[in-house]
Amino acid sequence: MEPYVNGFFSYLMENQLQCEDVEMEDALRQGAQSWNALSCREKSRYRSRNMKRKMNKCPNRRRRHQPEKCKSVRSCPKSTCIGSGHRMKPSCRQTISRNKYGLRKCISRRSRRSCLLKRRTEMATDVKFNDSLSCSDPQSHPVLIIGQLRHLNLLKFSHLESKLSPRVTEETFLNAVSCLHPAPTDKVSLYLDVATVAALPLKASRHNTASRAHAITRLVKNHVLNVSEESVVLVCERENLFASACAVVRAFPLYSRKTGNLLATNQSKAQLGCGDQGDGNKDAGRNVVNVEFLLINKEGGVECEPLTEDELNCLNETTRAIRLTARIVDMPCNEMNVDHFIQAVEDVGKELCITPQVIRGEELRERGFGGIYGVGKAAAVPPALVVLSHQPKGAQETIALVGKGIVYDTGGLSIKAKTGMPGMKRDCGGAAAILGAFYAAVQCGFKDNLHAVFCLAENSVGPNATRPDDIHTLYSGRTVEINNTDAEGRLVLADGVCFANKDLKANIILDMATLTGAQGVATGKYHGAVLTNSETWEAKSLQAGRKSGDLLASIIYCPELHFSEFASAIADMKNSVADRQNAQSSCAGLFIAAHLGFDYPGIWMHVDMATPVHCGERATGYGVALLLTLFGGHTDSKLLQSIAPTDEEPPSKRLCRD
C-alpha cells in the first residue's frame, strides 16, 4: 500500500484491512475518528514510518514518484467520498479528472497532492471577498469552513452543499460536526485534506474579542493549502463579520524575497502603494483565496441575503490597507528607508488625489522640529515629517493620527545589544498602520477632517549622532536632556502631536507607536496599550479593540505621580525615566502628552503596540482595523458605523466623586 503525503488515506485503508468483517462505511467512519484522535506527533510518526517502509520495498526509488497508469477508466472506484457506501479497492488509488480537451484521465492522488504542495512555495496570494457562497468542487477547489461550534450546529447541509457536493455527503458533514471538540480549537477532514471543518474556541473572556480573531488567523495559516484557488467559509454573527474578515487577511502577508517565489518577483509599484487589488484576475499567476460568509442572526437562523456592495467595498479596502501596513513593516531598511516610506505615502496620496506636505532635512531644524531632526540627523537618508490631509466640505471635527516611523532603530549611541537589534525594522509599525487606516478611511467616505502625520527617521550611529547629555529643543518649545538615545520614539512623536495641535488645529489627536518593550510586559503580546486623558474615549477604544480584533488594554494615566520620573536639573525634562520599574509604558506616553500639555482641552490618545505589531517573524497589520472601528461613526460605511463604539458612560463616571 502506497502511503499518501498526509497519511490519512493510508491509515483508513489499514483500518479497513484489519476489520474485514465490518462494512466499509462503518470502518471508514471509525478510522476517521481514530485518526482525528491522534496527536500531531503520533500522526507525524505514522507518516514517517510508512514512508520509510515504502522506500525500503521500492527497488528503484525514482519510480515511486511516478503516478500509476490506469488500465481502464472503470477500474477506478465510483466514489472517493468517505461515507459514500461504496467499498473501495485498496489496490486502486486513482481519481478521475478531465484534461483541457474534456477527455477523461486518471491521476494518482499522491501525484496531485505533490503538485499542490509544490505550488505552495511558488505562488503569491490574493484575498477576494464574495457576497455569497459560490459553487465549487472541493477536489479542485479546496474549502475550509470555520465557525464557533454553536453556530456550526445550527447549519444544515443544504447551507454548505454548494461548497461540498458531490464529495461530501450530508451524513459525513453532520458526523464531522458532532465529532468536533475544540480545546481550544479542533478540525475534522471531510474529504481527504481538501475539505475541512474547524471549530473556534468555545469561550471568549471579557478582555478577548468575541470573534475569536486570533484563532481564526491560526487556523487559516495552518490549514489553507495555498493552491491556485480555494475558499474560506466563515460562519459567524454579523457583528463579528468585520473582525473575522480582518483575521483571515492577516494570514496572507505580501512581502517575500525568497528566490523562485512569485511573491518576490511580483512586487509591483501598485503593491507598494496600496497592496494588491485583491480581485485575483490581474495576475493569472497568483493564488486566490475566496472568503465567503454564512451569517447567523440573533434568532439563531442563517441569513440568506448576500453581502451588500457597501460591505464588500469596506472589506476590500480594509484588506488592501492591512496588507499594505504589514508589507511596510516586513520590509527591511534597505528597501524601506525614509525615502521609500515617503514614496509609499505619495503613492497613497496619488490614489486619493491628495498631495502630501513634506518637511525634511535641515528644514526640520530651521522650523524647530528638534525631536525628529535630532533622532535622524546621523542617518544617510535625512529624516522627515510628512502629512496627508483629507478635508471634506461640511466637516465638524478635526482628527489627527500621528505615527512613529522609525524605519530602523539601532538605539543610537546607546546602542542595542546584538540580540535586541534584529527586528527593529518593525519600529515604523505605528506610521505604517496610520497610512493604511488613512487610506481605508478616506475610501470609505470619511466625513470629517482627517490628518495623517508621519514622523520618519532612522535612529542610526554616526559622527552626527545625538549624544547622551545633549539638549534638544522640541517643536513645543520645551527643552529635553537626552539621557538615553534609545528612547527616540517619544521625541519624534512629541513633535508630531504638537504639529497636530498648533498647525492642524486638531481636537482629537491619536498617536500610535511601537514605543516600549515594556508594553509586552504590561499588556501582553496580543493587546496593545492605550493611554488617554479621556475616560470616555478610553472606554470607546477598548470597545473598538474587541469589535475589530486589534485588542487594547488600558494603562495608568496619572501624570501627577509618574511625570516626576523625567525630572532634569538643567532642562525641562529628560527623555528617559529614572526608575525603569515604575510604569514604563505609562511614563513614555506621558512624555508625549507633556509636550502637548496636560491642560490640552481636546482628546488625546496614545496607543503603544510594540508587541502585537508582529506574530513570530511576520507583521500582523495591527492598528488598521482598530482605527477604522474607533472612528467608524465618522465614515459613510454602514458596516463601520454598525461596529463603531457607542457613547456609553464609563462605569467610574457614575460614581460620586469630589
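**Sheet, helices and cysteines**

Guide: In this predicted model, four of the five residues of strand 3 (residues 125-129) are buried, so the strand is largely enclosed by the rest of the structure.

Visitor: Which residue in strand 8 stands opposite Phe129?
Guide: Strand 3 and strand 8 (residues 287-296) are paired in the parallel sense, with five bridges between them. Within strand 8, the residue opposite Phe129 is Val291.

Visitor: Which strands are the edge strands of the open sheet of six strands?
Guide: The open sheet has mixed pairing and the strand order 3-8-7-4-6-5. An edge strand here pairs on one side only, which applies to strand 3 and strand 5 (186-191).

Visitor: What angle does the direction of helix 6 make with that of strand 4?
Guide: Strand 4 (residues 143-147) runs parallel to strand 7 (residues 229-237), joined by five bridges. Helix 6 (residues 157-164) packs on the sheet and touches strands including strand 4 and strand 7. The angle between the directions of helix 6 and strand 4 is about 150°.

Visitor: How many disulfides does the count come to?
Guide: A disulfide requires two cysteine sulfur atoms within 2.5 Å. By this rule, the count is zero.

Visitor: Is Cys333 buried or exposed?
Guide: Cys333 is in no disulfide, and the nearest cysteine sulfur, that of Cys428, is 8.7 Å away. Buried means under 20% relative accessible area. Cys333 has 15%, so the residue is buried.

Notes:
Residues numbered from 1 in each chain as written. Predicted model: local features only at pLDDT ≥ 70, side-chain atom pairs only at ≥ 80, totals over all residues. Heavy atoms only, no water. Buried < 20%, exposed > 50% of the residue type's maximum accessible area, 1.4 Å probe, protein only. Helix = DSSP H or I, 4+ residues; strand = E, 2+ residues; numbered from the N terminus. Pairing = 2+ DSSP bridges. Contact = heavy atoms within 4.5 Å. Axes fitted to C-alpha atoms, helices over the stretch in contact; angles between N-to-C directions.
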